[in-house]
Amino acid sequence: MARADTQAIGSDAESRALAWLLEQGLRLVARNYRCRVGEIDLVMTDRQCLVFIEVRYRKPGSKITAVESVGPAKQRKLVRAAARFIGHNRRFHHSTVRFDVVAIDGPSTGSSDWHWIRDAFRP
């Protein structure tokens, strides 16, 4: 699959996850926050909690699931990027922080297996 196709599928998965999370009552703060140490797909608030969300999609037949793809190295990158985000946004300096994963396994269209893992890992 070409890189452009992969990016389009990933972007679509993020958009679907964002729409669903908004329906669950979360509020969007930032999308695709990038810094030199990494990227965070979605930064949202859930009541008084600042939530950093990694959206992962895996097509059918992948060797590992979307959840499994958020291993220790990816978690460290997310934590470093989150610290950078908080450092640049004073209003969140004293916020409670949570790291969530939205994992999507299955076809890019139609019926997929979705998992929203709140507090998926802790630094």
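Q: Which residues is I40 in contact with, leaving aside its neighbours within four places in sequence?
A: They are R31, N32, Y33, F52, I53, L78, A81 and A82. Contact means heavy atoms within 4.5 Å. The model is predicted: local features need pLDDT of at least 70, side-chain atom pairs need 80 or more, and totals for chains, interfaces and linings use all residues. Numbering starts from 1 along each chain as its sequence is written, and side-chain values use heavy atoms, without hydrogens or water.

Q: Why is S69 called buried?
A: Its relative accessibility is 11%. Buried means under 20% relative accessible area, exposed over 50%, and partly exposed in between (1.4 Å probe, protein chains only). S69 therefore counts as buried.

Q: Where is S69 found?
A: S69 lies in the loop between β3 (49–58) and α2 (72–88). Helices (H or I, at least four residues) and strands (E, at least two) are DSSP runs, numbered from the N terminus.

Q: What makes the link between the side chains of S69 and R56 a polar contact?
A: The value is 3.0 Å. A polar contact is a pair of N or O atoms within 3.5 Å; within protein, one must be able to donate a hydrogen and the other to accept it, and residues adjacent in sequence count only if both atoms are side-chain atoms. So the S69–R56 pair qualifies. The S69 side chain also makes a polar contact with the side chain of R58, at 3.5 Å.

Q: Why do β1 and β2 count as paired?
A: Two strands pair if DSSP finds at least two bridges between them. Strand β1 (residues 27–35) and strand β2 (residues 38–46) are joined by 7 bridges, so they pair. They run antiparallel. The two form a hairpin with 2 residues between them, and C35 stands opposite G38 in β2.

Q: How do β3 and β4 run, and how many bridges join them?
A: They run parallel, with 10 bridges joining β3 to β4 (residues 96–105). V51 has R98 in β4 as its bridge partner.

Q: In what order do the 5 strands form the open sheet?
A: The order is β1-β2-β3-β4-β5, with mixed pairing.

Q: What makes a strand of this sheet an edge strand?
A: It pairs on one side only, as β1 and β5 (113–121) each do.

Q: Which residues touch the most other members of the largest nonpolar core?
A: Among its 19 residues, they are I40, V43, L50, F52 and F85. Such a core is a set of buried Ala, Val, Leu, Ile, Met, Phe, Trp, Tyr and Cys residues joined through side-chain atoms within 4.5 Å. α2 gives the most to this core, with 5 residues.
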